[in-house]
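Have the sequence and the model open as you read.

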Amino acid sequence: MTIFDIISPRAFTSLWFWIGVALVWGHASAQVLGVPWDIIRRAKSGEADSVRDMNDAVRIALGRIARTADKGGIWLAGLIGFAGAALISLGWFYRVEFFRALTCLALPLLALALLDLRWALRIFHGELVGEPLRRTLVRLRWARRAVGALLAFVTLIIGAIDIIRSYILF
(Lines give C-alpha, C1' and ligand atoms only; values in the text may rest on other atoms or scores of the structure.)
Protein backbone atom coordinates (compact mmCIF):
# COMPACT_ATOMS: atom_id res chain seq x y z
CA MET A 1 0.00 0.00 0.00
CA THR A 2 1.41 3.35 -1.04
CA ILE A 3 0.73 6.82 0.26
CA PHE A 4 -1.41 7.46 -2.84
CA ASP A 5 -3.70 4.61 -1.82
CA ILE A 6 -4.23 6.20 1.60
CA ILE A 7 -4.71 9.77 0.34
CA SER A 8 -7.16 9.08 -2.45
CA PRO A 9 -8.88 11.80 -4.45
CA ARG A 10 -12.06 9.74 -4.21
CA ALA A 11 -14.08 10.69 -1.18
CA PHE A 12 -16.00 7.62 -0.07
CA THR A 13 -13.03 5.27 -0.42
CA SER A 14 -10.70 7.62 1.41
CA LEU A 15 -9.79 6.94 5.00
CA TRP A 16 -9.50 10.70 5.51
CA PHE A 17 -13.13 11.28 4.58
CA TRP A 18 -14.35 8.79 7.18
CA ILE A 19 -12.01 10.26 9.80
CA GLY A 20 -13.49 13.65 8.90
CA VAL A 21 -17.03 12.27 9.29
CA ALA A 22 -16.15 10.92 12.74
CA LEU A 23 -14.54 14.22 13.79
CA VAL A 24 -17.44 16.32 12.51
CA TRP A 25 -20.05 14.23 14.32
CA GLY A 26 -17.90 14.01 17.44
CA HIS A 27 -17.62 17.79 17.52
CA ALA A 28 -21.32 18.21 16.76
CA SER A 29 -22.28 16.16 19.80
CA ALA A 30 -19.77 17.85 22.14
CA GLN A 31 -21.82 21.04 22.42
CA VAL A 32 -25.49 21.82 22.74
CA LEU A 33 -26.51 25.23 21.37
CA GLY A 34 -22.85 26.19 21.58
CA VAL A 35 -22.71 25.37 25.29
CA PRO A 36 -20.02 22.83 26.22
CA TRP A 37 -21.46 19.59 27.56
CA ASP A 38 -19.34 19.64 30.73
CA ILE A 39 -21.09 22.84 31.89
CA ILE A 40 -24.49 21.19 31.44
CA ARG A 41 -23.30 18.01 33.16
CA ARG A 42 -21.92 19.95 36.14
CA ALA A 43 -25.28 21.72 36.56
CA LYS A 44 -26.87 18.35 37.34
CA SER A 45 -25.29 18.46 40.78
CA GLY A 46 -27.54 21.41 41.62
CA GLU A 47 -24.71 23.58 42.96
CA ALA A 48 -25.64 27.24 42.62
CA ASP A 49 -22.40 28.17 40.80
CA SER A 50 -22.76 25.36 38.25
CA VAL A 51 -26.41 26.16 37.57
CA ARG A 52 -25.61 29.87 37.22
CA ASP A 53 -22.75 29.05 34.81
CA MET A 54 -25.12 26.95 32.69
CA ASN A 55 -27.81 29.63 32.70
CA ASP A 56 -25.27 32.29 31.71
CA ALA A 57 -23.74 30.13 28.97
CA VAL A 58 -27.18 29.41 27.49
CA ARG A 59 -28.17 33.08 27.73
CA ILE A 60 -24.99 34.06 25.86
CA ALA A 61 -25.52 31.34 23.24
CA LEU A 62 -29.14 32.36 22.70
CA GLY A 63 -28.02 35.98 22.33
CA ARG A 64 -25.51 34.98 19.68
CA ILE A 65 -28.13 32.97 17.80
CA ALA A 66 -30.62 35.86 18.00
CA ARG A 67 -28.04 38.42 16.80
CA THR A 68 -27.02 36.19 13.90
CA ALA A 69 -30.63 35.67 12.87
CA ASP A 70 -31.43 39.37 13.30
CA LYS A 71 -28.40 40.88 11.56
CA GLY A 72 -27.83 38.49 8.68
CA GLY A 73 -30.51 35.83 8.77
CA ILE A 74 -31.86 36.50 5.29
CA TRP A 75 -28.39 36.72 3.74
CA LEU A 76 -27.25 33.63 5.61
CA ALA A 77 -30.33 31.69 4.49
CA GLY A 78 -29.72 32.74 0.89
CA LEU A 79 -26.05 31.78 1.04
CA ILE A 80 -26.83 28.41 2.61
CA GLY A 81 -29.55 27.79 0.04
CA PHE A 82 -27.21 28.63 -2.82
CA ALA A 83 -24.40 26.47 -1.41
CA GLY A 84 -26.79 23.58 -0.78
CA ALA A 85 -28.20 23.80 -4.30
CA ALA A 86 -24.69 23.93 -5.74
CA LEU A 87 -23.59 20.89 -3.71
CA ILE A 88 -26.68 18.92 -4.68
CA SER A 89 -26.34 19.89 -8.34
CA LEU A 90 -22.65 19.08 -8.60
CA GLY A 91 -22.85 15.95 -6.50
CA TRP A 92 -26.07 14.31 -7.56
CA PHE A 93 -26.89 15.64 -11.03
CA TYR A 94 -23.33 15.90 -12.37
CA ARG A 95 -22.25 12.87 -10.30
CA VAL A 96 -19.05 14.33 -8.82
CA GLU A 97 -18.21 12.09 -5.87
CA PHE A 98 -16.39 14.77 -3.89
CA PHE A 99 -19.46 17.02 -3.89
CA ARG A 100 -21.72 14.08 -3.01
CA ALA A 101 -19.51 13.50 0.00
CA LEU A 102 -19.61 17.19 0.95
CA THR A 103 -23.39 17.08 0.65
CA CYS A 104 -23.44 14.13 3.04
CA LEU A 105 -21.49 16.25 5.54
CA ALA A 106 -22.99 19.70 5.02
CA LEU A 107 -26.72 19.00 4.77
CA PRO A 108 -26.87 17.02 8.04
CA LEU A 109 -25.04 19.86 9.77
CA LEU A 110 -27.66 22.20 8.33
CA ALA A 111 -30.34 19.92 9.76
CA LEU A 112 -28.65 20.18 13.16
CA ALA A 113 -28.48 23.96 12.88
CA LEU A 114 -32.21 24.09 12.15
CA LEU A 115 -32.87 21.74 15.06
CA ASP A 116 -30.80 24.00 17.31
CA LEU A 117 -32.67 27.07 16.11
CA ARG A 118 -36.02 25.44 16.83
CA TRP A 119 -34.97 24.40 20.34
CA ALA A 120 -33.35 27.80 20.99
CA LEU A 121 -36.66 29.48 20.24
CA ARG A 122 -38.44 26.99 22.50
CA ILE A 123 -36.00 27.73 25.34
CA PHE A 124 -36.20 31.48 24.75
CA HIS A 125 -39.99 31.64 24.69
CA GLY A 126 -40.33 29.23 27.60
CA GLU A 127 -37.89 31.31 29.63
CA LEU A 128 -36.34 28.17 31.04
CA VAL A 129 -33.68 28.31 33.78
CA GLY A 130 -32.21 25.84 36.21
CA GLU A 131 -33.31 22.20 36.14
CA PRO A 132 -35.98 22.56 33.41
CA LEU A 133 -33.34 24.17 31.19
CA ARG A 134 -30.85 21.38 31.92
CA ARG A 135 -33.45 18.70 31.11
CA THR A 136 -34.29 20.49 27.85
CA LEU A 137 -30.61 20.66 26.90
CA VAL A 138 -30.20 16.96 27.67
CA ARG A 139 -33.18 16.17 25.42
CA LEU A 140 -31.66 18.37 22.70
CA ARG A 141 -28.38 16.49 23.00
CA TRP A 142 -30.18 13.18 22.58
CA ALA A 143 -32.05 14.57 19.57
CA ARG A 144 -28.75 15.77 18.07
CA ARG A 145 -27.18 12.37 18.66
CA ALA A 146 -30.13 10.60 17.05
CA VAL A 147 -30.00 12.87 14.00
CA GLY A 148 -26.22 12.46 13.83
CA ALA A 149 -26.37 8.67 14.07
CA LEU A 150 -29.13 8.44 11.48
CA LEU A 151 -27.38 10.74 9.04
CA ALA A 152 -23.98 9.11 9.57
CA PHE A 153 -25.67 5.80 8.75
CA VAL A 154 -27.22 7.35 5.62
CA THR A 155 -23.75 8.64 4.65
CA LEU A 156 -22.37 5.13 5.13
CA ILE A 157 -25.10 3.66 2.92
CA ILE A 158 -24.57 6.29 0.22
CA GLY A 159 -20.82 5.67 0.36
CA ALA A 160 -21.29 1.91 0.13
CA ILE A 161 -23.62 2.27 -2.85
CA ASP A 162 -21.16 4.61 -4.53
CA ILE A 163 -18.27 2.19 -3.96
CA ILE A 164 -20.29 -0.77 -5.22
CA ARG A 165 -21.42 1.18 -8.27
CA SER A 166 -17.88 2.37 -9.04
CA TYR A 167 -15.90 -0.82 -8.46
CA ILE A 168 -18.27 -3.69 -8.98
CA LEU A 169 -21.02 -2.69 -11.36
CA PHE A 170 -18.99 -0.63 -13.84
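Arg95 comes out as partly exposed, with 48% relative accessibility; the label covers everything between buried (under 20% relative accessible area) and exposed (over 50%), using a 1.4 Å probe and protein chains only. You'll find Arg95 in the loop between H4 and H5. Helices here are DSSP runs of H or I with at least four residues, strands are E runs with at least two, and both are numbered from the N terminus. The backbone at Arg95 has a phi near 60°, a positive value in a residue other than glycine.

Before going further, keep in mind that this is a predicted model, where local features need pLDDT of at least 70 and side-chain atom pairs count only at pLDDT 80 or more, while totals for chains, interfaces and linings use all residues. Residues are numbered from 1 along each chain as its sequence is written, and side-chain values use heavy atoms, with hydrogens and water left out.

Leu33 also has a positive phi, about 55°, although it is not a glycine. Leu33 sits in the loop between strand E1 (31–32) and strand E2 (35–36). Is Leu33 buried or exposed? Leu33 is buried, at a relative accessible area of 6%.

Now for the two helices on either side of the Arg95 loop. Two packed helices are described by the angle between their axes and the distance between the axes. For H4 (residues 48–93) and H5 (residues 97–126), the angle is about 155° and the axes are 10 Å apart. The axes are lines fitted to C-alpha atoms over the stretch in contact, and the angles run from 0 to 180 degrees between N-to-C directions. H4 and H5 are therefore roughly antiparallel to each other, a label for angles over 145 degrees. Their crossing is left-handed, so the near helix is turned anticlockwise from the far one by less than a right angle.

Which residues make the contact? On the H4 side they include Val58, Leu62, Ile65, Ile80 and Trp92, and on the H5 side Phe99, Arg100, Leu110, Leu117 and Phe124 are among them. Contact here means heavy atoms within 4.5 Å. By residue class, the H4 contact with H5 divides into 18 nonpolar, 2 polar and 1 charged.

Leu105 is another residue of helix H5, and Leu105 is buried, with a relative accessible area of 16%. Leaving aside neighbours within four places in sequence, Leu105 touches Phe17, Val21 and Val24. Leu105 and Pro36 are 69 residues apart in sequence, with their C-alpha atoms 22 Å apart in space.

On to the salt bridges, each being a side-chain nitrogen of Lys or Arg within 4 Å of a carboxyl oxygen of Asp or Glu. The count by this rule is 7, and the table gives some of them.

| Pair | N to O distance |
|---|---|
| Asp162 and Arg100 | 2.4 Å |
| Glu131 and Arg134 | 2.8 Å |
| Arg135 and Glu131 | 3.9 Å |

Take Asp162 and Arg100: this salt bridge links distant parts of the chain, with Asp162 in helix H6 (residues 130–169) and Arg100 in helix H5, 62 residues apart. Asp162 is buried at 4% relative accessibility, and Arg100 is buried too, at a relative accessible area of 5%.

The other pairs in the table lie within H6. Glu131 and Arg134 are separated by about one helical turn because they are 3 residues apart in the helix. How do the partners connect, and which residues are joined? Shared partners join Glu131, Arg134 and Arg135 into one network. Glu131 is partly exposed at 33% relative accessibility, and so is Arg135, with a relative accessible area of 41%, whereas Arg134 is buried at 11%. Not counting residues up to four places away in sequence, Arg134 touches Ile40, Ala43, Lys44 and Met54.

How values were computed:
Angles under 35 degrees count as roughly parallel, over 145 as roughly antiparallel, 65 to 115 as roughly perpendicular and the rest as oblique. Ala, Val, Leu, Ile, Met, Phe, Trp, Tyr, Cys and Pro count as nonpolar, Asp, Glu, Lys and Arg as charged, and the others, Gly among them, as polar.
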